[in-house]
Amino acid sequence: MRPHHGMLAALLVVSTIVTVGSSAAQRPAMDRRIDSLLARMTLEEKLGQLNLPSVDNGPSPAQLELVRKGLVGGFLNLTGAAATRETQRVAVTESRLHIPLLLGHDVIHGYRTIFPIPLAEAASWDPEAVEAAAHVAAREAAAAGVNWTFAPMVDIARDPRWGRIAEGSGEDPYLGSQMAVARVRGFQGADLRAPEAVMATAKHFAAYGGAEGGRDYNTVDVSERTLREIYLPPFRAAVDAGAGSIMTSFNEIAGIPSHANRWLVTTVLRDEWKFRGFVVSDWTGIGELEAHGVAGSRADAGKLGLEAGVDMDMVSGIYLEDVPVLVRAGRIPVATVDAAVRRILAAKSRLGLFDDPYHGSSVERERSVLLAPEHRQLARRVAQEAIVLLKNDGQRLPLGPTVRTLAVIGPLADDKVAALGSWPGRGDPQDAVTVLEGIKARIAPDTKLLYAKGCGITDTSTGGIAEAVALARLANVALLVLGEAGDMSGEAASRSTLGLPGVQQQLLEAVQATGTPVVLVLMNGRPLAVQWAADHVAAIVEAWFLGVETGHALADVLFGDVSPSGKLPVTFPRVVGQVPIYYNHKNTGRPPSDQKYTSKYIDLPSSPLFPFGLGLSYTTFTYRDVRLSAPSITPGDTLKVAVTVSNSGEREGTEVVQLYVRDEVASVTRPVRALAAFRRVSLRPGEASTVDFLLTPKQLGFYNRDMNFVVEPGKFRVFVGGSSVDGLEGEFEVRAGGRAGRR
Ligand code: BGC
C-alpha cells in the first residue's frame, strides 16, 4: 500500500462513521410522511415538486414567491451557505407544507478545490483516489448548501471530436463503470444524511456520447446490443452503487429522444434494474421534445416526459405550467404525477432534509472546508496519478541536474483559467498553480528559468514565435506546454479537427528545429491527433487539465519526484479521419493486413497514434508467468488469473496491470479484446509482486442473438499487460454444463 493512502482513508472514514441509524428502520416513517404530504397537496403543489428552475443571481423575488407557494421542488445553480440557507428557510418556514428544496449544482471535478477533469482522473486507473476526490468535492459543496450534484457523467465516448469526452471516463465500459461507482460512493458516502454527502446523478441517460460526427446534441443510432454492452454498463453500475438520481440525455436513440423514451427510463432503468431513485431531465430537455419533432406543443412534451418516467423538469417549466390542464382533463392520470412526486419526496427524505433542511451547511463550515490544505494535497496526488507519459525516448525525462537553463514555452504554460479545465464548478483561477509556477517552486536555485508564451492558444499571429525560438536556443531543454483552452472541450465544444489549435504546431516545429531537446506537455480535454510531435519530439507528457495543483503535480513528475503512472482511458487517433477508433473493436471479416481488400485506410497505418491503456513510467516493468486457475470452467464459474510483475528498472514506480479477455468464437461477434480487470501495483526496483484477478461470468458474458446475457461454451483468450496492445497470453475453455452464467 502506498503511504499517502493514509490521508485518503481518513477522508473516507468520515463518511463511514456517520452511517448510524439509516434506512430500514426509517423507511416506514418516510413512507408515512410522504403519504401524508401527498394527501394534503394540491395538484399545483405536486407539480411544483417536479419543477426545477435555475437561479442565476438570486433567487429572484418572483422565484422566492414560487417557493412560498410550494411551486418549486428545487433549484439548480444556487450555491453558498448564506444564500442556500436563506432560500431553504423560506421553503420550510413560509410555504404551506414546509417541504425543503433540492439544491443541485454541477459539481463535476471539484467544488472549490478543483481536481483533474474526469477524463484525466480516469487516466489514474485509481478508483480509490477518484472516490476520495469526489468525497472532497461533496464535502465542500455540502458545506456551501448544495445537496445534489449533476455528476458523475458516465457517458462512454469513442469520438474525441465530442467535447464532452472531457467530462467522462473515456471509451471503456469496464473502466467507466469502476469510475462511476467510485464517484457515486465518493459523493454520497455511506449515508446521504451525513453533512458531507450530496446526492449523485448518473448522466446522461443514454448513449449521449454516441452523437453522430461527434457533434454535441446530435442524433444517435445504436443497436440495442451496443447500447447494453457499451453505453449502459456504467449507468447500471451507478444504479447498483445507489446513485440517487439519473439524468436523461439530450439525444435521441433510433428515433426516440431520451426524454420521451419510456422503454429506456421505465422498462430498463426501473423495471429491469430496479432503480428506486428519481429521474431528472436535462436542461430544457422536456421542452426540446418539440424541436425533436415528437411533441406538437409544450403540453404534449410534458405528457411524453412524464409518461416516459422523467420525474423532474429542469428549467422548461412545462410540468408546472402546462401539465395541470392535462391532468384535469384526464389525459394524464393523477397516479403518474403522484408516482413522480413520491420519488422526489423520497429523495429529500433520503437526504434527511425533512429533519435538517440545511443538511449541515453553514457559513462557518463553508469557510473552513473550502480549499482546505488536505483537499489541495489530495488534488495534487490525483493530478500526479492522472499524468500519462506517452513517449520518453533516450530517457529525456525526468529532468536532471544537467539542465542548467530551462526554457518554458507555450500559451498554456502560465494559464490559470485553462488549468481548471472545462467545468470548474465554483473554482477560482487564482487558486490554480500553473506549470510555470510549479516549475519555479521546484527548480534548483542555480537553474536558470526562461519563459515565453510564443503564441496564443487559438491566435493566428506568429509574432511571438521568434522570441520563443531565441529562448529555446539559450536553454538545455525547452519545455513546451501546448494544447487547448479549457472551454474547447465540455458542452457544446465539439471540434472537427484534432490538431494543436492556432499556430501552436508552427511554434512546436520552430522550437524543435533549434536542436535544443524538447519536452512536450499537452493540456487538453480530449485526445489530440499529434502525429508530427509523436514522430519528432523525444518526450511527450499528457497532462489534460489537472486542476488547482496543475503546476505542482507536473513539476513532481517532470523532475522525477514521482514516476508517472497514468494510462490512457481513451485511444489517441493519428488523424481525425481515423475516428471513431477504439481498442475494443470487432475483428470484421477482413481484419487489416498487407492485403488490399482488408478493412483499413490506404493512406494510414491501422494502429492508433497512442493506444488505450498506454502509459510509460521512469522505470520498466516485466511480466511473467500468467497462471490460470483451471484449463476449463463451466459458464457459471469464476476463473482466477495470476501474473507476476516485477520492477526491472532503477526507480520506484507504479504499474497499472491490465487484464483483457477475448471470446474466440461466439454466436455473435465479440470485441478483439475487452478490459476485464486492472490493478495498480507500486514496486521498488527489483521488487516483484503477484497480481490475482478474478474473471467472473459478468466479464465473460454478452448479449446473444435473443438479447439474453449468456456465457457461451468455447475458447477464450486472456491478455495481461501494461496496455491494450501488449501482454502475455493465456487460454481457457468454457465447457457446457454447470450453472448458467448470469450478470
Ligand atoms: C448539461 C448537463 C448539466 C445541466 C445543468 C446541461 O446543459 O447537459 O450536464 O447537468 O446543463 O447545468
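I started with the rings, and W125, Y174, Y583, F612, Y660 and F678 form one aromatic cluster. My pairing rule takes rings of Phe, Tyr and Trp (its six-membered ring) with centres within 6.5 Å, and calls planes under 30 degrees apart stacked, over 60 edge-to-face and the rest tilted.

Before going on, I noted that this is a predicted model, in which local features need pLDDT of at least 70 and side-chain atom pairs count only at pLDDT 80 or more, while totals for chains, interfaces and linings use all residues. Residues are numbered from 1 along each chain as its sequence is written, and side-chain values use heavy atoms, with hydrogens and water left out.

**Entry 1: aromatic pairs**

I searched the whole structure and got 16 aromatic pairs. I looked at W148 and F278: their ring centres are 5.2 Å apart and the planes make 55°, so this pair is tilted. I take helices (H or I, at least four residues) and strands (E, at least two) as DSSP runs, numbered from the N terminus.

Are W148 and F278 buried or exposed? W148 counts as buried at 0% relative accessibility, and F278 is buried with a relative accessible area of 0%. My cut-offs here are under 20% relative accessible area for buried, over 50% for exposed, and partly exposed in between, using a 1.4 Å probe and protein chains only.

Next I checked Y174 and F678, an edge-to-face pair at 6.0 Å centre to centre with 80° between the planes. Y174 lies in helix α8 (residues 173–188) and F678 in strand β21 (residues 674–683), so the pair ties together parts that are 504 residues apart in sequence. F678 counts as buried, at 11% relative accessibility.

**Entry 2: an arginine over two rings**

Which rings does R673 lie over? I find its charged end over the ring of Y660, 5.3 Å from the centre. R673 also lies over the face of F719, at 3.9 Å from the ring centre. To score this I ask for NZ of Lys or CZ of Arg within 6 Å of the ring centre and within 35 degrees of the ring normal.

**Entry 3: nonpolar cores**

I define a nonpolar core as a set of buried Ala, Val, Leu, Ile, Met, Phe, Trp, Tyr and Cys residues joined through side-chain atoms within 4.5 Å. The largest one has 90 residues, and L50, W148, F205 and F278 touch the most other members. Helix α16 (residues 334–350) gives the largest share of this core, seven residues. A second, separate core holds 85 residues, including V403, I443, L450 and V477.

I then listed the partners of F278, with contact meaning heavy atoms within 4.5 Å. Leaving out residues up to four places away in sequence, F278 touches residues including L102, W148, M199, R270, D311, R343 and A347.

**Entry 4: helix α5**

Does the length of helix α5 (residues 81–94) agree or disagree with 1.5 Å a residue? Its 14 residues should span 20 Å, and the end C-alpha atoms are 19 Å apart, which agrees. I get the expected span as 1.5 Å times one less than the number of residues. The buried residues of α5 are A81, T84, T87, Q88, V90, A91 and V92. These pack against α4 (61–68), β2 (74–76), β3 (102–105), α7 (127–143) and α17 (363–369).

I found a cis peptide bond from K203 to H204, with omega near 0°; H204 sits in strand β5 (residues 201–205). The bond from F205 to A206 is cis as well, with omega near 5°, and A206 is in the loop between β5 and α9 (224–231).

H359 has phi near 55°, lies in the loop between α16 and α17, and counts as buried at 4% relative accessibility. W544 has a positive phi of about 45°, lies in the loop between β16 (539–542) and α24 (550–558), and counts as buried at 0% relative accessibility.

**Entry 5: the whole chain**

I counted 25 helices and 26 strands. The radius of gyration, taken over C-alpha atoms, is 26 Å, close to the 27 Å that the globule rule gives for 743 residues, so the chain is as compact as a globular protein of that length. That rule is 2.2 Å times the number of residues to the power 0.38. Of the 743 residues, 62% count as buried.
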